[in-house]
Amino acid sequence: MALDFEGRVAIVTGAGGGLGRLHALALAARGARVLVNDLGGAVDGSGGSASAAQAVVDEIRAAGGQALANGASVTDFSAVQAMAQQAVDAWGRIDILVNNAGILRDKSFAKMSMEDFRLVVDVHLMGAAHCCKAVWPHMQSQNYGRIVMTTSSTGLYGNFGQANYGAAKLAQVGLMQTLAIEGAKHGIHVNALAPTAATRMTQGLMPEAVLAALSPEAVVPAMLVLAHESAPTRTTLCAGAGGFEAAFITLTEGIYLGQGGQVPEQLAQRLAEVLDRHGEQVPASGAAQGTLEVGKAMAARG
Ligand SMILES: NC(=O)c1ccc[n+]([C@@H]2O[C@H](COP(=O)([O-])OP(=O)(O)OC[C@H]3O[C@@H](n4cnc5c(N)ncnc54)[C@H](O)[C@@H]3O)[C@@H](O)[C@H]2O)c1
């Protein structure tokens, strides 16, 4: 099956360089019309220029594709709404949103300012929420949409010096979970991509030999699968160096202790049973936890 994007309209944020540029080029090469968004700032989010997005648009056009440039910051909701309108005015629809824009402000939590925490959350979480909100009514009325969040292994598992970034990145998985549930009846699939790639963002964060193996091109197939008509929904795909994995948020079977004065001590004593992963599930929605717990309480009552 060829992953064809003919007739589709895509918005890729942060597509003036790094992974976003490759996502935009790949979607365009497979037939999509692509709105290339990028603030054009430094890796810490400072500065800005529309030339980064324009250069990628020029590349797409030179290869015979259709593209438009947009220099909005994803942190600015009215500019993001104008960006969605720009795509609709030009091409009449929005089929795909790839939330890729991102910055880093790494420091150990002890040394991190709250300003750096807030800015990183603003770009990654609020930026993604703004873009989803702006495209949502268009996708709803079309009864079709594909949204790809960009999460990170830092969000999923943690990394030293990235408390702000990790929190913001896992927040995108949380956004995915509920948007996928709400989007289901409108044909909107929402997924997340956890890439590992040598870009300016990871320069200096990993040894050169490791970075040499992590070509950013190797991430693009996972984005294409998540953005395509055949995409799954509520899936977190990990991709790097040609390897592909899936990450899940699971719920263990746990135990039932009921209520009473000895429960704290009993829980402490039996914590290993609670943590035992045998029989764990990937809940279909947040309701699963309450259902499981109330079910145990009812069963204990007989
Ligand atoms: N490279 C990796 O290993 C890796 C790992 C996990 C997640 N990611 C994520 O992948 C995405 C792409 O990162 P990259 O590695 O290509 O780095 P990058 O710095 O090359 O790309 C990020 C792009 O986002 C743009 N951007 C930043 N703030 C913006 C804003 N407010 N509005 C619009 N555009 C903005 C930047 O100008 C830049 O072009 C990011 O979300 C990043 O967090 C990357």
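## Lining of the largest pocket

The lining of the largest pocket comprises 18 nonpolar, 24 polar and 4 charged residues; here Ala, Val, Leu, Ile, Met, Phe, Trp, Tyr, Cys and Pro count as nonpolar, Asp, Glu, Lys and Arg as charged, and the others, Gly among them, as polar. This is a predicted model, in which local features need pLDDT of at least 70 and side-chain atom pairs count only at pLDDT 80 or more, while totals for chains, interfaces and linings use all residues. Residues are numbered from 1 along each chain as its sequence is written, and side-chain values use heavy atoms, with hydrogens and water left out.

The largest pocket holds about 980 Å³ of space and has 46 lining residues, with Gly 102, Ile 103, Tyr 165, Thr 199 and Met 201 nearest its centre. On a 1 Å grid over the protein atoms alone, a pocket is an open set of points with protein on both sides within 12 Å along at least five of seven lines, a cavity is a set where a 1.4 Å probe fits but cannot get out, and lining residues have an atom within 4 Å of a point. Grid points are joined across faces, edges and corners, and a volume is the space filled by probe spheres set on the points. At least two lining residues come from each of α1, α4, α5 (153–157), α6 and β6; these are DSSP runs numbered from the N terminus, with helices (H or I) of at least four residues and strands (E) of at least two.

## The ligand and its shell

The ligand takes up the space of the largest pocket, a placement that requires more than half of its atoms to lie within 2 Å of the grid points. The elements contributing two or more residues to the shell around the ligand are α1 (18–29), α4, α6 (163–183) and β6 (188–196). Among the 30 residues around the ligand, Leu 19, Asp 38, Asn 100, Tyr 165 and Thr 199 come nearest, a residue being near if one of its heavy atoms lies within 4 Å. The shell contains 11 nonpolar, 16 polar and 3 charged residues.

The protein buries 96% of the 810 Å² that the ligand exposes when taken alone, with accessible areas computed by the Shrake-Rupley method with a 1.4 Å probe.

## The second largest pocket

About 420 Å³ of space lies in the second largest pocket. Its lining has 20 residues, of which Gln 177, Arg 234, Ile 249, Val 282 and Pro 283 are nearest the centre. Both α5 and α6 give two or more residues to this lining, and α6 gives the most, with 6 residues. By class, the lining of the second largest pocket has 12 nonpolar, 7 polar and 1 charged residues.

## The enclosed cavity

The model contains 1 cavity of 30 Å³ or more, and the largest cavity has about 50 Å³ of space. Its lining is formed by Thr 13, Val 74, Asn 99, Asn 100, Ala 101, Val 123, His 124, Gly 127, Ala 128 and Gln 172. Helix α4 (residues 114–142) supplies the largest share of this lining, 4 residues. The lining of the largest cavity has 4 nonpolar and 6 polar residues, and no charged ones.
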